[in-house]
Amino acid sequence: MDLDFTPDQEAFRAEARAWLDAHVPAVPLPSLETAEGFAAHRVWEAQLAADRWSVVSWPEEYGGRGVDIVRWLVFEEEYYAAGAPGRVGQNGINLLAPTLFDHGTHEQRARVLPPMATGEVVWAQAWSEPEAGSDLASLTSRAVRTGGGWLLSGQKTWSSRAAFADRAFGLFRSEQNAPKPHQGLTYLMFDLRAPGVTVRPIGRLDGRPAFAELFLDEVFVPDEDVIGEPGQGWRVAMSTAGNERGLTLRSPGRFLAAADRLLNLWRAQGSSQAARDQVADAVIGARAYQLFTYANASRFLDGESIGPESSINKVFWSEYDIALHETALELLGEEGELTDTDWSEGYVFSLAGPIYAGTNEIQRDIIAERLLGLPKGRR
Ligand SMILES: Cc1cc2nc3c(=O)[nH]c(=O)nc-3n(C[C@H](O)[C@H](O)[C@H](O)COP(=O)(O)OP(=O)(O)OC[C@H]3O[C@@H](n4cnc5c(N)ncnc54)[C@H](O)[C@@H]3O)c2cc1C
């Protein structure tokens with residue numbers, strides 16, 4: 001395997017770096033978990049999109065540059081190294097868009113993707129329900145047939161950014177008597193401001209409304225907003241879940257940049273031997289994750305799929321992220337705990353890593369059963 005970048009890839013990196021140098025806001029934007037921050041991040045998305053940097057891997061007709069996954073990884077490294085703002089459109093870009101590329105119609109792609117790329121329409125993921133998280137197939141929200149479409153009823157929860165987002169995508173039970181729980185589900189897109197939708201924000205540990213509960217009472221959705229065949233929602237959703245855990249949700253760029261910031265913090269503090277070892281572990285971990293991801297990307301470009309290996313990624317980056325932030329807080333001492341720094345916000349967020357995108361207990365089961373061939377655990 002060749003670990004060097006080609007001249008073309010290097011040229012792409014230089015172009016991205018130059019653009020980011022010229023455009024990343026000098027003063028960080030307000031937290032995107034506030035109304036003001038959400039609006040500011042939409043403006044940033046529009047700026048990225050104007051020069052085709054918001055969705056580099058998408059085809060040009062939808063606002064992208066049509067680059068392959070290696071260039072996408074390169075872009076992400078530059079993006080995080082530049083300290084650029086968090087991506088308010090990430091649920092749509094990372095989860096819904098790949099689903100539409102695989103299962104959507106041309107009309108859906110043409111209608112949904114361009115305003116997603118510019119941040120004009122921000123999407124929320126509405127999968128989880130109060131009694132259906134890890135066991136997603138036990139969901140009970142319903143889609144009932146009506147003239148020209150469907151009526152959605154039920155409750156969704158933990159929907160990130162839904163407090164300020166525009167639209168959502170999720171799974172609904174469209175056949176009440178299907179023989180198995182994951183049969184008879186339909187994947188639909190719906191408007192968060194449609195009649196019958198109530199969005200109730202949920203505060204995070206720091207009080208900011210990073211999530212929302214959604215209450216749906218006979219919300220009308222036209223047929224054109226069904227993704228894939230009615231009743232086949234599980235199959236459609238599983239391709240999204242693979243993307244989420246695998247390559248796209250947490251690119252190594254984020255951790256390389258964080259490890260770099262940690263190293264600078266350690267240098268500035270001139271700290272102890274013990275901290276030095278933890279900082280070294282963080283730097284090595286980021287690099288290891290980067291190499292593992294490039295290896296996966298190469299397999300992907302050779303026509304292989306990522307498959308259950310994506311669960312290894314998910315367990316690794318989520319535990320790594322917590323360790324990295326704990327080291328930073330140790331270095332900062334009381335200041336880290338008491339002030340509203342990037343490190344303290346990052347730490348609070350890292351705690352959720354082993355839960356979202358499928359809990360690590362579930363990922364470990366997948367690794368044990370599907371990769372190591374161990375017997376099924378007791379459920
Ligand atoms: C920061 C954050 C953002 C999120 N964003 C979204 C979002 O945008 N949209 C959305 O739809 N959802 C979102 N979620 C919800 C998330 O997907 C669920 O929290 C997750 O799937 C776990 O489901 P649960 O909370 O119902 O926990 P449960 O499924 O009730 O699990 C509770 C505990 O039991 C363990 N457990 C359950 N079943 C098994 C088993 N069979 N074997 C071993 N252990 C098991 C779990 O691993 C966990 O530790 C988000 C969550 C967080 C924390």
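Biologist: Let's start with Trp58. Which residues does Trp58 touch, not counting residues up to four places away in sequence?

Modeller: In this predicted model, Trp58 touches Gly64, Arg65, Gly66, Ile93, Ala97, Phe101, Leu113, Met116 and Ala117. Touching here means that heavy atoms lie within 4.5 Å.

Biologist: What makes a set of residues a nonpolar core, and which members of the largest one touch the most other members?

Modeller: The members must be buried residues of nonpolar kinds, joined through side-chain atoms within 4.5 Å. The largest nonpolar core has 25 residues, and Trp58, Leu96, Met116, Phe169 and Tyr187 touch the most other members. At least two residues of this core come from each of helix 4 (90-103), helix 5 (106-117), strand 4 (167-173), strand 5 (185-191) and helix 6 (233-248). Helix 4 gives the largest share, five residues. Apart from this core lies another, of 24 residues, with Leu32, Ala126, Leu216 and Val221 among them.

Biologist: Leu32 is found in the loop between helix 1 and helix 2 (35-50). Why does Leu32 count as buried?

Modeller: Buried means under 20% relative accessible area. Leu32 has 11% relative accessibility, so Leu32 counts as buried.

Biologist: Which residues is Leu32 in contact with, leaving aside its neighbours within four places in sequence?

Modeller: They are Gly37, Phe38, His41, Gly86, Arg87, Val88, Arg161 and Phe164. As for Phe164, 132 residues separate it from Leu32 in sequence, while their C-alpha atoms are 9.5 Å apart in space.

Biologist: Now helix 7. How do you know that its span is close to the expected one?

Modeller: The expected span is 1.5 Å times one less than the number of residues. For helix 7 (residues 252-269), with 18 residues, that gives 26 Å, and the helix reaches 26 Å from its first C-alpha to its last. Its buried residues are Pro252, Gly253, Phe255, Ala257, Ala258, Ala259, Leu262, Leu263, Leu265 and Trp266. After helix 7 comes Gly270, with a positive phi near 55°.

Biologist: How much space lies in the second largest pocket?

Modeller: About 340 Å³. It is lined by 16 residues, and Asp2, Leu3, Asp4, Phe5 and Tyr294 are the closest to its centre.

Biologist: What makes a residue part of that lining, and which helix gives the largest share?

Modeller: A lining residue has an atom within 4 Å of a pocket point. Helix 8 gives the largest share, six residues. Helix 1 (7-23), helix 3 (69-81) and helix 8 (273-301) each supply at least two. By class, the lining has seven nonpolar, four polar and five charged residues.

Terms used
Residues are numbered from 1 along each chain as its sequence is written. This is a predicted model: local features need pLDDT of at least 70, side-chain atom pairs count only at pLDDT 80 or more; totals for chains, interfaces and linings use all residues. Side-chain values use heavy atoms; hydrogens and water are left out. On a 1 Å grid over the protein atoms alone, a cavity is a set of points where a 1.4 Å probe fits but cannot get out, and a pocket is an open set with protein on both sides within 12 Å along at least five of seven lines; lining residues have an atom within 4 Å of a point. Grid points are joined across faces, edges and corners, and a volume is the space filled by probe spheres set on the points. Helices (H or I, at least four residues) and strands (E, at least two) are DSSP runs, numbered from the N terminus. Ala, Val, Leu, Ile, Met, Phe, Trp, Tyr, Cys and Pro count as nonpolar, Asp, Glu, Lys and Arg as charged, and the others, Gly among them, as polar. Buried means under 20% relative accessible area, exposed over 50%, partly exposed in between (1.4 Å probe, protein chains only).
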